[in-house]
Amino acid sequence: MFFLSFVFKLTAAKQQDHFFQAAYLEERDAWVRDIKKAIRCIEGGQRFARKSTRKSIRLPETINLRFVLIALLPHSLPSSGSVPDTALYLSMKDPEKGIKELKLEKDKKVFNHCFTGASVIDWLVSSNSIRNRKEGLMLASSLLSEGYLQPAGDTSKAAAEGLSDTPFLDLSDAYYYFPDSGFFCEGNSSDDDVVLKEEFRGIVVKQGCLLKQGHRRKNWKVRKFVLRDDPAYLHYYDPAGGEEPLGAIHLRGSVVSAVEDMPDSKKYDVDNILFEIITADEIHYYLQAASSAERTEWIRAIQAVSRTGK
């Protein structure tokens, strides 16, 4: 369940908004206070330790905490909006000693200027940035979260959306690219790299922000939704920006309804804001609106297009 009073927002260097939910109000305030203190310490070149988590996780000495947290500092982003000039990122992009950008083929598609998840971990190990592949997954996941790496293809995108044990995959068939590399994809596919124009022909019926639950981690993230009719599609996007959708829900033959509680959850929907979409192939999507009235509007709009749209 999502409680607004326990939520706080963190804006990263690339102007990406990250929403977090604490268990109770005092915990939210403590996290906000400690994050602000950590930023001040980093800016002043001082060390920071949070007493409540001092013994919970021991970060490897080879992982630079300044690099991980520098994305929290808006002033570190150049006015042009380019990627911050961090040593690790530049090393990864070095034409001679960095990660090699390749042309890779998969599922009748050609991915240009990209690389595999396994090659990222290989490079981090060989450059002594981390001690082992497990630590590499932690660091690569942070790079992915802050936008220094981008997923390409169904496999890596599904993991980034929470459909895998880790957001980053140490696999040879999981593809990634640098955001300023000139990446592009050729070929016909059903995944999000080459979204068929057919999906976007429909008239925009409704749009706005909703909370969407991840399929595996069951965490809630704010997404911008755009509902189109004929054909009936509900696309969702990163609200911080980006023209390409993170995913698409084909609504033809789907069922949408209000729900009072969540599966495997003891928390009750006291605010009457939850609703569920079940697609024709029986995929369940759980969404939350800002109010009961807004939930009703979305349900009616989705029901209308699912009946009439192809």
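In helix α4 (residues 117-126), the buried residues are G117, A118, V120, I121, W123 and L124. Buried means under 20% relative accessible area, exposed means over 50%, and partly exposed lies in between (1.4 Å probe, protein chains only). Helices (H or I, at least four residues) and strands (E, at least two) are DSSP runs, numbered from the N terminus. The model is predicted: local features need pLDDT of at least 70, side-chain atom pairs count only at pLDDT 80 or more, and totals for chains, interfaces and linings use all residues. Residues are numbered from 1 along each chain as its sequence is written, and side-chain values use heavy atoms, with hydrogens and water left out.

The cover over the buried residues of α4 includes α3 (87-93), β4 (109-116), α5 (133-145) and β6 (175-177). Contact here means heavy atoms within 4.5 Å. On the α4 side, A118, V120, I121, D122, L124 and V125 meet α5. Their partners in α5 are R133, G136, L137, L139 and A140. The axes of α4 and α5 come within 9 Å and cross at roughly 110 degrees. Axes are lines fitted to C-alpha atoms, for helices over the stretch in contact, and angles run from 0 to 180 degrees between N-to-C directions. The two helices, α4 and α5, are therefore roughly perpendicular to each other. That term covers angles of 65 to 115 degrees; under 35 counts as roughly parallel, over 145 as roughly antiparallel, and the rest as oblique. The crossing of α4 and α5 is right-handed. A crossing is right-handed if the near helix is turned clockwise from the far one by less than a right angle, and left-handed if anticlockwise.

N128 follows α4 and lies in the loop between α4 and α5. Its phi is positive, near 65 degrees, in a residue other than glycine. N128 counts as exposed because its relative accessibility is 60%. A positive phi also occurs at H113, near 60 degrees, again in a residue other than glycine. H113 belongs to strand β4. With a relative accessible area of 35%, H113 is partly exposed.

V110 is also placed in β4. At 19% relative accessibility, V110 counts as buried. Not counting residues up to four places away in sequence, V110 touches K103, L104, E105, F184, C185 and E186. V110 and F184 are 74 residues apart in sequence, yet their C-alpha atoms are 8.5 Å apart in space.

R228 sits in strand β9 (residues 220-229). Its relative accessibility is 11%, so R228 counts as buried. The side chain of R228 makes a polar contact with the side chain of H235 at 3.2 Å. A polar contact is a pair of N or O atoms within 3.5 Å; within protein, one must be able to donate a hydrogen and the other to accept it, and residues adjacent in sequence count only if both atoms are side-chain atoms. Beyond its neighbours within four places in sequence, R228 is in contact with residues including E199, F200, V204, V205, Y233, H235 and V305. The loop between β9 and β10 (233-237) holds P231. A cis peptide bond joins D230 and P231, with omega about 5 degrees.

Across the chain there are 7 helices and 14 strands. Of its 310 residues, 44% count as buried. Among contacts in the chain with a separation of 6 or more, 56% join residues 24 or more positions apart.
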